[in-house]
Amino acid sequence: MLELQLFGVPRIVLNDQDIPLPLNKPVSLLAYLAFRNDWVSRDELLLLYYPDIDEKTARHRLRQIAYRAKKYGWANKLELNDDSFRWLVKTDLQFFQEALKAHQYSKALEYYHGEFLKGLSSLESPGFEAWLELKRSEFLEQYLAAVLKVARDLNEQASYHKATLLLKDALEASPFSESLVQTLMYSYSLKGEMHAALDCFARFCKLLKDELALEPSRETLELVERIRKGEQLELQTPQLPLQLTPFVGREAELKKISELLLDDHCRLISLLGMGGMGKTRLSLEAARQQLKQFKDGVFFVPLASISSSSGVVAAIADSLGFKVYEQAKLAKQLLDFLRHKHVLLVLDNVEQVLAAGLWLKQLLESSSQLKLLLSSREPLNLRAEHILKISGLDLPKGQASALAKIASVQLFTQSAKRLKPELDFQAEQQTIADICHLVGGMPLALELAASWISLLSPREIKAEIERDLGFLTGEWQDVPERHKNIERLLEASWKRLDQAAQATLMALSLFTASFAQEDARALSQCSLSSLLLLEQRALLNRHTMTSFEMHPLLRSFVGQKLAQDAELCIVMKRRMCEHYAKLLESHKELIYTRQQEESLSFIESRLADAIAALSYAAETLSRSSLETLADVLYAFYLSKTYLEDGFETFANCVNQLEAKDIRQDEKALVMHLRCYWLFFAQRLAKDELVNTHLSSLSDYFKTKPESPDYLLCLLIKIDMSYKEADYPNAKASYLELLKAPSVHHKDHQHVVWLGNLGNICSRLGQWQEAQEYYEAALDLAYKLQIPRLLAKTMTRLGDISADFGHYDQALDYYQEGLGIFETLDAQFDTSIASNNLATVHHVLENYGQAVQYYQRGLSISERLGDREGVALSYMNLAEMAFDQQHYQEAIKDYEHALGIYREINDAWHSVKSHALVATAYLANQQAKLAQQSLRKALKDALELSSDTLVLEVLFHAAVFLDKTLKDDPNLSFALIWQHPASYEDQRVLIRKYLNNDPVEFAGLELPELRSYAQTILAKLSKT
């Protein structure tokens, strides 16, 4: 078994063999990783070892240290990846801390072999040395506290000899510890060795005088007498300031504070946060809960009006009710007075007097039972300080029914009810939840917002906050002036920063939410230490180990500061555009490779800021960045099936640009973005919008046939024609596309288009021409020898073979294509190929194999986040369940698919899903639900102005009416049969429904499609 011993000189214990270690940087790295016992980021290690040299050199040196460390045979399990290091190994420190946590103090002492990492210093790494000094002090303090507990237990058990031996050993490690000396004297006296107690005292006096020129405390001088008499001074517990309103939320913070205060090793707790976060109120509530835990009292010390260390001493004395008998020696008298008191001091607004930190440290060192709970905007930066970050109250996330239980909603409601109790707060909860999000759960902002409830509705309050941060103002008499206005509150924090920190914050205000530290540094051009300093001052919060976030009100405030400097604002926005354009461009091609999942995930993690960068690029007319960002976002939205998001993003961008005075040479860029906008409009079945703009867009790009946008316009045109079964126009557009100058007749797109042409010709019954296009596509695919392209062509040929009923041939093509996709690890294409194979097996009634392939496609789509693929898989599974007369299962899968299509706003497939689930309801004898679904499907199809969809729904409606109302379906069938927009599939279904009898609709006068569809809709609307 391998164990690393960190106490004393570091060494390895391997199979009971003790191996001392060299005191060098590789061992220090291993010791640090063992101490952390988790993944440690490279950035953290760089800050630890090389904070002041350039990043490239620092990373190189860190790699060298890691390489040397891994060469130690016993460290071969050191793990390294691109971002972090880890070495999991058992250590005596872990055992020591586990024993302390379990209150097994005697056991803990068995693992303390001396100073933490003794001898390991002077490594020319100031960050590591500072950390090491901090931990040595921390662990020594833990050791001494354990010694005192064990010694007192031994004394209670009359094991005085063991107690004195333990205390004498501890004094070797900490000879100036008065607590140890006092306890040792107490042990000697209980043992009856009064001369030994006096000798101990004499040695301590001499050491203090010789080494520190100090005298023992008054308590130590009086200790012998107090031990003999058993006297103990008491302090009366004062009342804390009364609070006139109920305390809301903060359960997690209160629990953490309580745990820290009960921890004997924790003496100093700092609650850090921006102004207005409720730190004072939280500290008072925490203190109130601790009244019975501190036998000598809990005291509140307000410091808002204090500006000096001496003022802090006086404020503490005043709160304690301490009687001063010599003002010049107040500090010493106070130290003596508190030396043996079990007291909690709650110090408020400590940022006013950070210089008093060293005196507070002295106070803690002189009184072993005293604890400090501070509230501040900045830390004291003392080694013993335990920091607890205080941000906003919990924000609404879940269902509307649970909003009333959220702390931020509770505080707003509680504050508003005092002013307007008659308001229906239940009806306003969603708007109140929006207000909570706008102010980031800041308690002061919530109370200020609620103070307007007498004049404004919650909706109006929300609008005012969105319009102007200065709205958050109040006129209370019982709060400090700085808390009456959020802008003044934030201005106070702003003025405490130097110009460099202000510039950094202004740059960071451009981020929309949380941001990665590398993005922050690229945009603000600041160092990592600058970010950490802002975090220390509670102006940034740690979102994850490698990312930060800024409170929304602070971001709004700093954003206003940036807007006031027009020149700097443009520079920062352009810098953000360039950064995100460069960042996303590196992932553009990866979207179509085996790294698709990773690439899409990366882009999604930056999506909000990438959209913001696109908007800034449009605002500042940063042409190159705008084009790059648009191209990547288009590919991303398409891959993730975020159709509505894509439509909205490009609509906003186009509107931004068209509102500007665009030069003629910039018009092509605007039209390029309009192409993307219309593409998503077409996918969302916004046919009227597409038809309105497509003609002018096509005419524009006809004059620029070399532009890729010309091809995109033609593809949109083809999709619109294909959707309406207008195959002649689709074919003409494809032929036009193939003649375009920008088309390379030997690239993969050409193969795809040839296959599509073959498909259109087969729809037109031009079989020979179709076969020629298919063969040309396959020949070109073989010539190009591009595996992915060849596999796609195989898939296309499989589609055609299946259309013609050549299922064995289709299986061969699909299987060959699937094999290539699997070799390439092309997950997206593997999912499609799996669904294709499943469909053929389904037709052949090989249901077991079909289910396996459908489920495989489904699992891949779910993993990739391809919601369109997930919906398709459920549609296929539903159809197969229907064919096997498993109608309940079919309904469940159809409804699952329908839910996804609704989420992604795919109106076209939503209509088809409604029609199909209606058929399943009807088969399951749920006629009422079938009627409702058909009515919805037909109504939506008419609104989409899609003849093809209307015809498809009409077939299902005719079947329903035939089976329920005995309504003759022949007129519907005849209309479907004869209409040019009808798919051949519909004719096949009609034949199947009529038992393959020859169909003749002679003598039927066919009505106009839309008026007839409205007649059928009216029949479906009857109960």
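At what angle do the axes of helix H38 and helix H39 cross? In this predicted model, the axes of H38 (residues 827-843) and H39 (residues 847-864) cross at roughly 160° and come within 8 Å of each other. That makes H38 roughly antiparallel to H39, since an angle over 145 degrees counts that way.

**The chain overall**
- The chain contains 47 helices and 15 strands.
- Its C-alpha trace spans about 125 × 75 × 65 Å along the principal axes.
- Of the 1023 residues in the chain, 52% are buried.
- Among contacts with a separation of 6 or more, 67% join residues 24 or more positions apart.
- The chain exposes about 48000 Å², and 50% of that comes from carbon and sulfur atoms.

**Helices H38 and H39**
- The crossing of H38 past H39 is left-handed.
- On the H38 side, the contact is made by Gln827, Phe828, Thr830, Ser831, Ser834, Asn835, Leu837, Ala838, Thr839, His841 and His842.
- On the H39 side, the contributors are Tyr847, Gln849, Ala850, Tyr853, Tyr854, Arg856, Gly857, Ile860, Ser861, Arg863 and Leu864.
- Sorted by type, the residues of this H38 contact with H39 are nine nonpolar, 11 polar and two charged.

**Ser873 in helix H40**
- Ser873 sits in helix H40, which covers residues 867-883.
- Is Ser873 buried or exposed? Ser873 counts as buried because its relative accessibility is 0%, and the cut-off for buried is under 20%.
- Setting aside neighbours within four places in sequence, Ser873 touches Asn835, Tyr854, Gly857 and Leu858.
- Asn835 is also one of the H38 residues that meet H39, while Tyr854 and Gly857 are among the H39 residues in that contact.

**Helices H36 and H37**
- Helix H36 (residues 787-803) and helix H37 (residues 807-824) pack with their axes 8 Å apart, at an angle of about 160°.
- H36 and H37 are therefore roughly antiparallel to each other.
- Their crossing is left-handed.
- From H36, the residues in the contact are Pro787, Arg788, Leu790, Ala791, Lys792, Met794, Thr795, Leu797, Gly798, Asp799, Ser801 and Ala802.
- From H37, they meet Tyr807, Gln809, Ala810, Tyr813, Tyr814, Glu816, Gly817, Ile820, Phe821 and Leu824.
- The residues of the H36 contact with H37 comprise 13 nonpolar, five polar and four charged.

**The buried side of helix H45**
- In helix H45 (residues 970-978), the buried residues are Ser972, Phe973, Ala974, Leu975, Ile976 and Trp977.
- Which helices do the buried residues of H45 pack against? Their partners are helix H44 (947-964), helix H46 (984-993) and helix H47 (1009-1021).

**Two loop residues with positive phi**
- Asn37 has a positive phi, near 55°, and is a residue other than glycine.
- Asn37 belongs to the loop between helix H1 (25-36) and strand E4 (40-41).
- With a relative accessible area of 38%, Asn37 is partly exposed.
- Ala538 is not a glycine either, yet its phi is positive at about 65°.
- The loop that holds Ala538 lies between helix H23 (528-536) and strand E14 (541-544).
- Ala538 is buried, with a relative accessible area of 4%.

Key
Residues numbered from 1 in each chain as written. Predicted model: local features only at pLDDT ≥ 70, side-chain atom pairs only at ≥ 80, totals over all residues. Heavy atoms only, no water. Axes fitted to C-alpha atoms, helices over the stretch in contact; angles between N-to-C directions. Helix = DSSP H or I, 4+ residues; strand = E, 2+ residues; numbered from the N terminus. Parallel < 35°, antiparallel > 145°, perpendicular 65-115°, else oblique. Left-handed = near helix turned anticlockwise from the far one by under 90°. Contact = heavy atoms within 4.5 Å. Nonpolar A, V, L, I, M, F, W, Y, C, P; charged D, E, K, R; others polar. Buried < 20%, exposed > 50% of the residue type's maximum accessible area, 1.4 Å probe, protein only. Areas by Shrake-Rupley, 256 points an atom, 1.4 Å probe, with all protein chains shown as cover.
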